[in-house]
Amino acid sequence: MVEGAIALQDEPAVGAPPALEIPDFDIVPRVGLILAAVAAAAVIVAVAVNKLWPLLFLHVSGGAAWTIIDLFLGLVLGPIMGAMPPPARVQFTTRLMPKMVVIMPIVVTMTLASGWQLGIHDGTVLSNWPHHSWILASFIIVGVMSVIALGLLEPANIAVLIELKKPQPRPEVIERLMKRFMYSAGILGAMQIATLVIMTRIASFP
Amino acid sequence: MSERQLPPFTEVAMTSLALIVAGGIYLSAHLPRHVPLTPAIILLAASVVLMVVNLASLARVSDFAWDRFFQVAKWSGLAYLVIAGMIEYAFLQNHVKGGALVILTLSLAVFAVHVPALVGFTVARFYEPSTA
C-alpha cells in the first residue's frame with residue numbers, strides 16, 4: 001500500500017480485507033501552478049496591450065480548452081469512470097483530479113478575462129452593437145455555468161482529493177463527491193454546446 | 001455514511017453567487033450607456049445578506065471541523081483572491097469608475113469570501129474528528 005487504503009465493503013470478513021492502493025499525489029501540482037502563473041501573466045499583458053491577436057489567441061485557446069474539457073469529462077470520461085472497477089477508478093482519480101484543480105480555474109479566468117477585453121476591443125459587448133442580444137445570452141449562460149462550477153464542481157474536486165489523502169478514505173464519500181463532480185461536468189458540457197452555438201453565430205456576423 | 005445536521009450552506013452560497021452574477025450581467029448589459037445602479041445595489045445587498053446569514057449559521061454548528069475548514073479556505077481564498085484581482089484589474093484597465101466600480105468591487109469581495117468558504121465547507125463536512 002502506498003499512501004492510504006480503501007477497504008472493500010462487500011468482501012467477506014475473513015482475514016484482513018483487501019485494500020485499494022492509493023498512489024501518493026499532490027493535491028495541487030507545483031508544476032501546474034507555474035504554468036497557471038504563466039497563463040495569468042499572459043492574460044494581464046494581453047489586457048494591458050489591448051491588441052487583437054493576443055486577446056483572440058487567449059480567448060479562443062482558453063475557450064476551446066474549457067469547452068472540450070467539460071464536454072469530454074461530462075459525456076465521455078464520466079460514464080467510462082463510472083464503469084471502471086474501484087481500483088482503476090482510484091488510480092485514475094488521483095491522477096486526473098489534481099490536474100483539474102489547476103487547469104479549470106485558470107482556463108476559465110483566461111477565457112472570460114480575454115473574452116471581455118476582446119468584446120471591449122471589438123465593441124461587441126457594448127449595448128449599441130446590433131447583435132447585442134447574442135452577447136447577453138452568452139453572459140447568462142456563462143453566469144449559470146460559473147455558479148455551477150464554483151458552487152458544485154470545484155469544491156467537489158478539492159474535497160475528493162482531500163478525502164483520498166486521509167489514512168482511511170471513505171469510499172462512500174469519494175463516490176458521492178465524484179458523482180457530484182461528473183454530473184456537474186455533464187451539465188456544464190451540455191451548456192457548452194449552447195456556448196458553441198452562440199460564439200460561432202457571433203463570429204459569423206458580418 | 002453518518003450525516004450530521006448542517007445548514008444548507010452550499011445552496012445558500014450558490015444563491016448568493018447567482019445574485020452577484022446577475023448584478024454583473026445587469027451592469028455589463030447596459031455598457032456604455034448610463035445605467036441605474038439601484039437593481040445592482042439590491043442584488044449585491046441581498047447577496048451580502050445571504051453570505052452573512054450563511055456564515056453565521058455555519059458558525060453555530062458546534063462539532064464542525066473548523067481546523068480543516070480554515071486550512072482549505074485559506075489556500076482556496078488565496079487562489080480566488082488572485083482571480084478576483086485579475087478581474088478587478090480588467091475593470092480598472094477599461095476605466096470602469098464611480099458607483100459601478102464600487103458595486104463590482106464589492107461583488108468580487110463577496111466572490112473571494114464565499115467561494116473559498118464553500119470549498120472549505122465541502123471538505124470539512126465530510127471530515128470526522130475521529131479520522132484525524
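View 1. With a relative accessibility of 29%, Asn50(A) falls in the partly exposed class; here buried stands for under 20% relative accessible area, exposed for over 50% and partly exposed for what lies in between, with a 1.4 Å probe and protein chains only. The model in view is predicted, so to speak of local features we ask for pLDDT of at least 70, and side-chain atom pairs count only at pLDDT 80 or more, while totals for chains, interfaces and linings use all residues. Residues are numbered from 1 along each chain as its sequence is written, chains are lettered from A and ligands numbered from 1 in the order in which they are written, and side-chain values use heavy atoms, leaving out hydrogens and water. Asn50(A) sits in the loop between helix 1 and helix 2 (52-83) of chain A; helices (H or I, at least four residues) and strands (E, at least two) are DSSP runs, numbered from the N terminus. As background, most residues other than glycine have a negative phi.

**View 2. His95(B), a positive phi in chain B.** Now turn to the loop between helix 3 and helix 4 (98-125) of chain B, where His95(B) is found. Although His95(B) is not a glycine, its phi is positive, at about 60°. Is His95(B) buried or exposed? His95(B) counts as exposed because its relative accessibility is 64%.

**View 3. Ser76(B) in helix 3 of chain B.** This serine counts as buried because its relative accessibility is 11%. Setting aside neighbours within four places in sequence, Ser76(B) is in contact (heavy atoms within 4.5 Å) with Pro116(B) and Val119(B).

**View 4. The second largest pocket, with about 880 Å³ of space.** A pocket is an open set of points on a 1 Å grid over the protein atoms alone, with protein on both sides within 12 Å along at least five of seven lines; a cavity is a set where a 1.4 Å probe fits but cannot get out, and lining residues have an atom within 4 Å of a point. Grid points are joined across faces, edges and corners, and a volume is the space filled by probe spheres set on the points. The lining holds 26 residues, and those nearest the centre are Val28(A), Leu33(A), Val101(A), Trp75(B) and Ala79(B). Which helix gives the largest share of the lining? That is helix 3 of chain B, with 10 residues. Helix 1 (30-49), helix 3 (86-122) and helix 4 of chain A, along with helix 3 (66-93) of chain B, each supply at least two residues.

**View 5. The largest cavity, with about 30 Å³ of space.** A search of the whole structure finds one cavity of 30 Å³ or more. From chain A, the lining takes Ala159(A), Ile162(A), Glu163(A) and Lys166(A); from chain B, Val123(B), Phe126(B) and Tyr127(B). Helix 4 (residues 132-165) of chain A gives the most, with three residues.

**View 6. Chain B, four helices and zero strands.** Along the sequence the pattern reads α-α-α-α, and the C-alpha trace spans about 55 × 25 × 20 Å along its principal axes. Of the 132 residues of chain B, 45% count as buried. Among contacts between residues at least 6 apart in sequence, 82% join residues at least 24 apart.
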